[in-house]
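Subject: Handover of a structure

Dear colleague,

Please find below the structure that I am handing over to you. My notes on it follow.

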Amino acid sequence: MKRPNIVLVITDDQGYGDLSCEGNPVVETPAIDRFHDEAIRLTNFHVGPTCAPTRAGLLSGLYSGSVGVWHTIGGRSIVRRRVRMLPQLLRDAGYRTGLFGKWHLGDTYPYRPQDRGFETVVTHGGGGVGQQPDHWGNDYFDDTYEVNGTPTRFEGYCTDVWFAEARKFIATHREEPFFCYISPNAPHSPYNVPARYYEKYRGRIEDHAARFYGMITNIDENFAALRRHLADLGLEENTILIFMADNGTSCYLTGPDGEFPREGHNAGLRGGKGSAYDGGHRVPFYLRWPAGGLGGGRDIDRLTANIDLLPTLAELCGIQIPDTEQHHGTSLAPLLRDDAPDWPDRVIVTESQRVPTPIKWRKSCVMTDRWRLIEGRELYDITTDRMQRHDIAARHPDIVESLRREYESWWQLVYHDADEPIPFPVGEPGAPAETILHCMDWRYPPAQDDVPWHQGQIRRGVPMIGHWEIDICAPGRYRIELRRWPREVDRPLGAGVEGDDIAWNRAETDPDYHDWYTGGRSLPIERAVVTIGSRRFETPVDPDASCAVVEVDLPAGFTTLAAEFHGAGGLLAGAYYAAVARAD
């Protein structure tokens, strides 16, 4: 039999309770409900509490922190170059590989999806449509996405585009084994959605939740079309089809007592996106492979996690993993085949760092089948207290101490090399001529708390700073181009914007995100300041020019690059966009 195809659908910020098959009384998801009834369901499956860490662990088989990903911005949403990822493993085994939608593990060579094993790529920039690295003015409708690195304009709603392009990929490669990774940016905010989906829920729940649920119903319709497509091509039987989410819900409405639900449905879980409680990282995971005997509507309640996916798919597909590649996850194939009577209890750790440098115990959860230890202090018996309302740490000090020891071992395993840089190569032979740098990847001081990660912050000219980690691959003279606005806008450095400068879809765009799409503050820029390592360079700039250029001689090796725009009174803002290339 031909090796099975793999189609993995992973939605963005859709929690365990954001499906009608999981008891939600409002949202309508008939196609996913049907799949739920026919699939094997991992009911105790855990991921990272935020986007990039989940995806890093999912595609590497390793705890995300160990591959350099413990944030969604700040240069730590990028998987270290030495790690071989799932699409590379499958491509090397003869699979055709395609990604359609969100990547969020690097926008610059050699960290882009096409550099990590995906042969066909249709993607947006950053961690969501409209974020800083994304094409300027994208608003989920009629956007410009990267197709194997080339900006390409599409018509239609973003989720419809991802699934349509995935169906084309599947049809093209139906005679070969393929891995099709469909990762819609929905229902991540901003909650922009075609009006007919929003109208379905408007007035029944709060307005932003109506938009959020509308996005999920749109996903459901696309999932139905995907299954019909596989059936029409005769591929459904020998395709491993997976539906899952990347973290807890982002549309979680809490009351005065913190992380407990005020309204909405969260499948009896405490917490949402970013939380150390189960609602932050326990997500739906459904898998079906008829030809492999996997399906039938069966629950598996043993503790499992995103790090298990790579070794599981490798075993199901008959792919040998070299002894030199050790993974933190475990193959779940015996559990899926109902052939694991002696499956052991295990310890898994998840966390939400979202800081420049990891902090021990921060938003951490140490898990077994029965226990949850939160931040090393609170203890819950998840088998009797699903909502995690009753901290019983004082009654079980031995369990707390045992789980704390497990965490200490995990910390050493994961973060022993946390200080190792993740640099962008500059002047590397055979690489793209320019190294394109985005401020979303700045390393930033802890006191700043953030970097400019969405286009609304670029419009406002936020006075944030940071630096990039770079590796000069060969000594020589380099040209550094600095911009406040992206190249596709080509607007003068100091210019502001009055009113609209893009054709954004007002009627179907979340009003809470109006400033992502309109206006822009002018900046009285007089000079550019570039700091490379300990060397500082200044040059006067014409505020009516679209960029500032500095040429410098650089030795080979690792260094840091910071770039700022200054006016008469000093610092105005960092250079949000930069491009570095050999001057010759």
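In what order do the 4 strands of the open sheet with β20 stand? The order is β20-β30-β22-β27, and the pairing is antiparallel. Please note that this is a predicted model.

The edges of this sheet are formed by β20 (435-438) and β27 (548-554). Each has a single partner strand, so one side of each is left without a neighbour in the sheet. On average, neighbouring strands here are turned by 20° against each other, direction ignored. Within the sheet, 6 bridges link β22 (residues 476-483) to β30 (residues 577-582) in the antiparallel sense. I480 has V580 in β30 as its bridge partner. As a reminder, strands of a sheet pair through backbone hydrogen bonds, either parallel or antiparallel.

Another open sheet of 4 strands runs in the order β15-β16-β17-β18, with antiparallel pairing. Its edge strands are β15 (348-351) and β18 (378-381), which pair on one side only. Neighbouring strands of this sheet are also turned by 20° on average, direction ignored. Strand β15 is joined to β16 (residues 364-367) by 4 bridges, and V349 stands opposite V366 in β16.

I turn next to the cysteines. The structure holds 0 disulfides. A disulfide is a covalent bond between the sulfur atoms of two cysteines.

Most residues other than glycine have a negative phi, and most peptide bonds are trans. The peptide bond from A186 to P187 is cis, with omega near 0°, and so is the bond from S189 to P190.

Is A267 buried or exposed? A267 counts as buried, because its relative accessibility is 11%. This residue has a positive phi of about 55° although it is not a glycine, and it lies in the loop between β11 (261-263) and α7 (278-281). D449 has a positive phi of about 75° and is not a glycine either. D449 is exposed, with a relative accessible area of 60%, and lies in the loop between β20 and α11 (455-460).

Yours sincerely

Terms used:
Residues are numbered from 1 along each chain as its sequence is written. This is a predicted model: local features need pLDDT of at least 70, side-chain atom pairs count only at pLDDT 80 or more; totals for chains, interfaces and linings use all residues. Side-chain values use heavy atoms; hydrogens and water are left out. Two strands pair if DSSP finds at least two bridges between them. Helices (H or I, at least four residues) and strands (E, at least two) are DSSP runs, numbered from the N terminus. Axes are lines fitted to C-alpha atoms, for helices over the stretch in contact, and angles run from 0 to 180 degrees between N-to-C directions. A disulfide is a pair of cysteine sulfur atoms within 2.5 Å. Buried means under 20% relative accessible area, exposed over 50%, partly exposed in between (1.4 Å probe, protein chains only).
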